[in-house]
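Please work through the exercises below with the sequence and the model open beside you. Each task is followed by a solution that goes step by step.

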Amino acid sequence: MKNIVIKTDKLTKRFGDFIATNEISFEVYDGEIFGFLGANGAGKTTAMKMLCGLSTPSSGSATIAGFDVYKQTEQIKKNIGYMSQKFSLYEDLNVIENIEFYGGIYGLTRKQLAHKTGELITQLGLQTEAKKLVGSLPLGWKQKLAFSVAVLHEPKIVFLDEPTGGVDPITRRQFWDLIYAAADRGITIFVTTHYMDEAEYCNRISMMVDGVMKALDTPAQLKQQFNAGSMDEVFFELARGAKRKAD
Amino acid sequence: MNEVIVQQVYKTYQHQEIKAVSDVSFSVKKGELFGLIGPDGAGKTSLIRMLTTLLLPDAGSATVHGFDMVKDFREIRKRVGYMPGKFSLYADLTVEENLSFFATVFNTSIDANYDLIRDIYVQIEPFKNRRAGKLSGGMKQKLALCCALIHRPEVLFLDEPTTGVDTVSRKEFWDMLKRLKQQGITILVSTPYMDEASLCERIALLQAGKIMSIDTPENIVQQYPGKLYAIKSASMSNLLQELRNYAPINSCYAFGEYHHISFEKETSNMQNELIRYLQSKHQHALELKPVQPTIEDCFIKLMNATV
């Protein structure tokens, strides 16, 4: 029996007449790499905000790591990690300061922090950059560091919002090595991406179209279901009927 | 005739600490659709900003439509269209006001060049009284393209027009570019998406401020040294580890549904030996086949060669 770490039932968010996320129901399992895909404007960001405890749903229910999205948002925040391409680290703090800042927020003790900081810097090969401002690091290093910081407190789930956008092809793959290693440690990965080859690296994929979850399965099953040669074709098949186009 | 000629251009920032563009030379033919392909930090934006006369180079020279990018900046500005990576129109003006503002700045009118933008503008015309700041991402992008075209430029510079845009909208955007090209406009477009390279006539692969290769996408793929194979098994993550530990493998990395691998030395039984080795490591449902390299494979190969 697989442990469920995210469970939603008809989760909905309305803004006036507009239904951004329309009755989505799904489950995510412990240690799973779950791809959350959809066209621009499909309602992904809204759904992710609800799952992270940042936005109160209009109706429906959801539990994240066992906590309720209406009543236990603070517990949710303690048990998840979050990283996006747009916001991750403080550019005007150096590498060590960023690690200590995030570790402090998540309540790691000084001893734990000292240990984790050393471990992380060695693991990422950032010894010579440890005292450099994060703003001066190449994007690929920033993203790898941002991911490691997002899982510093060993959360149950980490939410990654387009973590590899604009990153070079070699670093993009190194980033996925980090994702696999975290998943092997039992951290559940919830990830969005516009790279369809990355969709293949997920255990299961969901596809949002116009606020609705149109498909949810393994990459292999989805390709079979849509009689498609690649995930790109599956995406195209599902998203081309979309009526909404936004960010 | 070359519309854009770039000769040994250099650009650094922060007292030469950051080398954004180093010794870059290339040219773009009249009417060509030319792609600058590379990740963030490759130097794409710096190059485009120098060619649109918004930045001065540290060294080197370039001409656009025959004009020098430093001396003749006024002439160049009249003749190029520029769509920056970041949305840069007036958020508080409506769709129509933005377009008419840019037309006026260039001493022309929407009517005079309407035929050029018609295909694109009709898609946003129903919202012409909406403020630009209130448009969706896709519509903002279309408006920005119309504003960059309204003075009928000789050369159109597009800086990452498809970044963060989903597959369907990306395909639509490239179809628009192809139609513009048919109207004789020279287009220089940058993108971090390697799969878009094949939609350009010629491309430059950029990495860390340097050009690694310039050619047609077909030729770049043909020049890939050695043979490339795709492999998969029931356990892809473990398979990658096993491949990394296997000496006869020269390179291996994840590539969508498969891993791509190349061998140190091509021999007649290397494929069988690899399969036997992996079976001994309890890999099953193995599939191994030769594949055509993609631009992304070439990019990885070139990156590894320069490290």
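**Exercise 1. How many residues does the contact take from chain A, and how many from chain B?**

Before counting, note that this is a predicted model, in which local features need pLDDT of at least 70, side-chain atom pairs count only at pLDDT 80 or more, and totals for chains, interfaces and linings use all residues. Residues are numbered from 1 along each chain as its sequence is written, while chains are lettered from A and ligands numbered from 1 in the order in which they are written.

Step 1. Two residues are in contact if their C-beta atoms, placed from the backbone, lie within 7 Å, and the contact takes 27 residues from chain A and 26 residues from chain B.

Step 2. On the side of chain A that touches chain B, the elements giving two or more residues are α6 (169-184), α7 (196-199) and α9 (231-239) of chain A; helices here are DSSP runs of H or I with at least four residues, strands are runs of E with at least two, and both are numbered from the N terminus.

Step 3. α6(A) gives the most to that side, with five residues.

Step 4. By class, the side of chain A that touches chain B has 14 nonpolar, five polar and eight charged residues, where Ala, Val, Leu, Ile, Met, Phe, Trp, Tyr, Cys and Pro count as nonpolar, Asp, Glu, Lys and Arg as charged, and the others, Gly among them, as polar.

**Exercise 2. Describe how helices α4 and α5 of chain B meet.**

Step 1. The axes of α4 (residues 114-124) and α5 (residues 137-149) of chain B come within 9 Å and cross at roughly 150°; axes are lines fitted to C-alpha atoms, for helices over the stretch in contact, and angles run from 0 to 180 degrees between N-to-C directions.

Step 2. That crossing makes α4(B) roughly antiparallel to α5(B), a label that applies to angles over 145 degrees.

Step 3. The residues making this contact include B:Leu116, B:Ile120 and B:Ile124 of α4(B) and B:Met139, B:Leu143 and B:Cys146 of α5(B).

Step 4. Sorted by class, the contact of α4(B) with α5(B) has 10 nonpolar, one polar and one charged residues.

**Exercise 3. Is A:Lys142 buried or exposed?**

Step 1. A:Lys142 lies in helix α5 (residues 139-150) of chain A.

Step 2. A residue is buried if 20 or more other C-beta atoms lie within 10 Å of its own, exposed if 12 or fewer, and partly exposed in between, with C-beta atoms placed from the backbone.

Step 3. A:Lys142 is buried, because 21 other C-beta atoms lie within 10 Å.

Step 4. Not counting residues up to four places away in sequence, A:Lys142 touches A:Leu89, A:Val134 and A:Leu137.

**Exercise 4. Trace the pairing of strand β9 of chain A.**

Step 1. Strand β9 (residues 204-209) of chain A is mostly covered, with five of its six residues buried.

Step 2. Strand β3 (residues 33-38) of chain A pairs with β9(A) in the parallel sense over five bridges, pairing being assigned if DSSP finds at least two bridges between two strands, and the bridge partner of A:Leu37 in β9(A) is A:Met207.

Step 3. β9(A) also pairs with strand β10 (residues 212-217) of chain A, in the antiparallel sense and over five bridges, and A:Ile205 stands opposite A:Asp217 in β10(A).

Step 4. In the hairpin of β9(A) and β10(A), which has two residues between the strands, A:Asp210 takes a positive phi near 50°.

Terms used:
Parallel < 35°, antiparallel > 145°, perpendicular 65-115°, else oblique.
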